[in-house]
Amino acid sequence: MLRRRLCSLLSSSILIPSFKPNPTLQPLRFIQCQCPILTPKVPVVFEGIRAYSLLSLNDLRDKVPRKQKTRKGRGIGSGKGKTAGRGHKGQRARGSGKLGFEGGQTPLRRRLPKRGFKNPFSLTFQPVGLGKIAKLINAGKIDSSELITMKTLKDTGAIGKQIKDGVRLMGRGAEQIKWPIHLEISRVTVRAKEAVEAAGGSVRRVYYNKLGFRALLKPEWFEKKGRLLPKAARPPPKQRDKVDSIGRLPAPTKPIPFSVEEKEESSSSSA
């Protein structure tokens with residue numbers, strides 16, 4: 001406050017002469033140095049005039065009218081003392097009412113009718129057709145000899161970037177699948193499953209939670225944060241009959257055989 005008053009009375013800056021000692025020059029007789037630090041034996045050279053401002057950035061204010069906050073309960077002379085503007089007795093004098101309370105009548109939120117509902121257990125799957133997968137295989141973007149996961153579909157552009165609850169394999173373009181392919185997705189239609197199995201391939205329904213999808217699609221995020229990949233989560237009870245197995249992390253490259261015969265065939269081929 002004192003600085004602001006000084007600024008209003010004085011100019012915006014004060015000019016102060018600047019002196020600097022120089023032992024190589026002879027002392028000037030017409031300059032009288034009264035500084036205790038500089039001795040008379042040390043010659044002083046006059047350099048110029050420096051400007052020291054009395055203003056600072058935190059003192060700058062715009063000429064905008066500002067309404068001061070009402071201070072209640074600060075004496076009778078303030079006009080808001082004693083009852084602080086609430087009056088004598090009454091419902092509003094003893095605290096604020098409940099939000100939405102309308103004096104006892106039916107509130108508006110109960111007078112308006114309800115329309116529809118939102119199922120908190122609903123799942124959103126991103127669809128992908130067999131025809132699109134076949135085009136990517138013919139273009140050389142997907143290797144049909146390897147396992148096709150949801151990460152493969154995302155990296156090749158078969159599906160969008162936003163995968164909420166998984167991917168659903170649709171039967172669109174099923175006639176284009178003429179070679180065996182192996183897929184791991186969240187859901188599959190009956191037509192798509194029959195088309196893939198007829199060509200000698202397999203489809204496995206796997207479960208991933210939100211963290212599992214991040215570890216499957218963006219494993220570099222965990223490495224960047226210095227964290228380990230999480231373990232695969234088990235499906236909730238309502239989804240256990242709709243999946244074949246839990247998802248594998250990191251993204252797998254080989255399919256899992258379904259039956260004991262397939263396991264024996266795979267072990268014999270590997271041997």
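Analyst: Happy to! One term to begin with: a residue is called buried when its relative accessible area is under 20%, and exposed when that value is over 50%. The model is a predicted one.

Let's start with strand 5. Its covered face holds Val-167 and Leu-169, while Arg-168 and Met-170 make up the uncovered face.

Strands of a sheet pair through backbone hydrogen bonds, either parallel or antiparallel. Here three strands form an open sheet in the order 3-5-7, with parallel pairing. Strand 3 and strand 7 (187-188) are its edge strands, each pairing on one side only. Four bridges link strand 3 with strand 5: Pro-127 has Arg-168 as its bridge partner, and Gly-129 is partnered by Met-170. Towards strand 7, strand 5 makes two bridges, again in parallel. There, Leu-169 has Val-188 as its bridge partner.

Next comes helix 3, residues 130-138. Helix 3 lies across strand 3 and strand 5, at about 60° to strand 3. Its buried residues are Leu-130, Gly-131, Ile-133, Ala-134, Leu-136 and Ile-137. An α-helix has 3.6 residues a turn, so residues three or four places apart point the same way. In helix 3, Leu-130, Ile-133 and Ile-137 are among the buried residues. The elements covering the buried residues of helix 3 include strand 3 (126-129), strand 5 (167-170), helix 4 (150-156) and helix 5 (190-198). After helix 3 comes Gly-140, with a positive phi near 85°.

How values were computed: Residues numbered from 1 in each chain as written. Predicted model: local features only at pLDDT ≥ 70, side-chain atom pairs only at ≥ 80, totals over all residues. Heavy atoms only, no water. Buried < 20%, exposed > 50% of the residue type's maximum accessible area, 1.4 Å probe, protein only. Contact = heavy atoms within 4.5 Å. Pairing = 2+ DSSP bridges. Axes fitted to C-alpha atoms, helices over the stretch in contact; angles between N-to-C directions.
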